[in-house]
Amino acid sequence: MGDGLSLSFFHDSGFTRQKCSKCNSFFWSTVEVELCGDAPCVEYSFIGQPLFSKPMNLDQAREAFLTFFEKKSHTRVDRASVVARWRNDIYLSIASIAVFQPHVTSGSSKPPANPLTISQPCIRLNDLESVGRSGRHLTTFEMMAHHAFNNEQEEIYWQNHTVELCHELYTSLGLDGSKITYKENPWIGGGNGGEALEVLAGGLELATLVFMDLEEDNEGDIELNGKKFRRMPRSIVDTGYGLERLVWASQGTPTIYEAVFPEAVSFLTQRANLEKTLENSSLLITENAKLCGVLSIDYGSDLTELRQKVLDRLKALGHSLSLSEFTSIIEPLEKLFAIVDHCRSLVFMFSDGIVPSNVKAGYLARMVLRRTVLLLRDLGVSE
């Protein structure tokens with residue numbers, strides 16, 4: 001492995017490269033620790049103990065991010081549609097870089113600005129069953145980003161300055177720099193790849209910094225995750241900062257849904273007569289979310305096992321519940337959280353022109369809509 005991503009920023013700022021005793025991944029930290037700081041190696045430690053100096057909502061966190069990068073000479077650009085009409089391989093925008101693939105990343109088109117900053121709404125439906133249950137999964141999220149498109153004629157900035165900007169952003173928002181870990185984990189996606197750093201704090205992944213300088217090629221001499229790549233004449237800074245995770249970490253609520261959708265959660269709890277249940281279940285929800293982060297569990301097969309582990313932890317804390325009692329409390333809340341998330345997903349889909357149907361993006365919208373209606377009926381709420 002050599003020295004991995006051995007950047008001058010790390011050495012100048014007192015970081016050392018360490019190896020996680022659980023997952024054997026390499027990471028950079030200013031303190032000597034055994035674990036990389038990522039789930040499932042560690043639990044969430046920010047719930048009840050927010051990471052940032054003040055709580056933020058979506059608008060405040062988004063504006064703080066975009067303004068920071070504007071002051072660092074990035075041009076703010078408007079978000080693109082959640083419908084990836086410029087792509088023939090995906091139906092929905094799944095990342096900020098997806099907006100620029102393949103035309104800008106291939107070099108055939110110029111970026112709208114260079115460097116730029118954006119907050120791109122994204123929709124991913126591959127973890128649909130986990131939404132509401134895990135405490136952290138969303139179908140729709142905003143991937144905030146700063147991108148720089150370097151080529152042989154001009155280099156805007158590359159790895160060192162990318163990490164420097166990331167660290168300055170988070171510490172300027174009040175995050176203790178000693179709590180930030182940078183975990184090495186190469187990335188591939190959309191026909192490209194490169195070295196990458198996952199930015200971790202409090203057990204939560206806050207961002208991923210990708211240094212995209214590879215493109216898929218069956219004759220390539222570089223292999224990542226079983227695929228062959230060749231070096232591109234371009235090197236692209238591809239970052240992704242989770243807006244909702246920033247908001248969650250700034251508030252330290254038991255789940256991401258309460259931080260991101262406070263008004264919608266309040267409205268729906270009233271409609272479903274779950275105000276007292278939510279109010280009295282903070283400990284249950286918190287322990288559930290912590291274990292979900294550690295176990296990364298498959299809900300289709302291991303839900304009972306997860307429930308039992310939560311019950312064991314609650315018992316150790318002096319709260320004795322049967323499995324049926326716990327399930328009767330937690331399941332309605334999980335359905336409520338899923339409904340709130342799905343409604344936002346549908347708003348983005350419909351506003352960007354998707355019509356529910358049997359094909360392509362329309363089928364995806366219909367699937368989410370059907371699931372939302374069924375969950376509402378389960379809670380006894382008229383849709």
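This is a predicted model: local features need pLDDT of at least 70, side-chain atom pairs count only at pLDDT 80 or more; totals for chains, interfaces and linings use all residues.
1. Let's start with the largest pocket, which has a volume of about 1,400 Å³. Its lining is made up of 49 residues. If you want to find its centre on screen, look for R124, F141, M143, E205 and T208, the lining residues that lie nearest to it.

2. Which elements build that lining? At least two residues each come from strand 5 (140-150), strand 7 (187-189), strand 9 (204-216), strand 11 (227-242) and helix 4 (243-251). Strand 9 gives the most, with 6 residues. By class, the lining of the largest pocket holds 24 nonpolar, 13 polar and 12 charged residues.

3. The second largest pocket is also worth a look, with about 270 Å³ of space. Here 18 residues form the lining, and those nearest the centre are S45, K179, A201, G202 and G203. The lining of this second largest pocket divides into 9 nonpolar and 8 polar residues, with 1 charged residue besides.

4. Now to the cysteines: how many disulfides does the model have? The count comes to 0. C23 is in no disulfide, and its nearest cysteine sulfur, that of C20, is 3.6 Å away.

5. C292 is in no disulfide either, and the nearest cysteine sulfur, that of C41, is 17 Å away. Is C292 buried or exposed? With a relative accessible area of 1%, C292 is buried.

6. Finally, please turn to helix 6, which spans residues 262-271. Its buried residues are V265, L268 and T269. These three cover an arc of only 105 degrees around the axis, and therefore sit on the same side of helix 6. As background, an α-helix has 3.6 residues a turn, so residues three or four places apart point the same way.

7. What covers the buried residues of helix 6? The cover includes helix 5 (256-260), helix 7 (275-279), helix 10 (323-351) and helix 11 (360-378). One backbone detail to check while you are there: helix 6 is followed by N273, whose phi is positive, near 55 degrees.

Conventions:
Residues are numbered from 1 along each chain as its sequence is written. Side-chain values use heavy atoms; hydrogens and water are left out. A disulfide is a pair of cysteine sulfur atoms within 2.5 Å. Buried means under 20% relative accessible area, exposed over 50%, partly exposed in between (1.4 Å probe, protein chains only). On a 1 Å grid over the protein atoms alone, a cavity is a set of points where a 1.4 Å probe fits but cannot get out, and a pocket is an open set with protein on both sides within 12 Å along at least five of seven lines; lining residues have an atom within 4 Å of a point. Grid points are joined across faces, edges and corners, and a volume is the space filled by probe spheres set on the points. Helices (H or I, at least four residues) and strands (E, at least two) are DSSP runs, numbered from the N terminus. Ala, Val, Leu, Ile, Met, Phe, Trp, Tyr, Cys and Pro count as nonpolar, Asp, Glu, Lys and Arg as charged, and the others, Gly among them, as polar. The arc is that of the directions from the helix axis to the C-beta atoms. Contact means heavy atoms within 4.5 Å.
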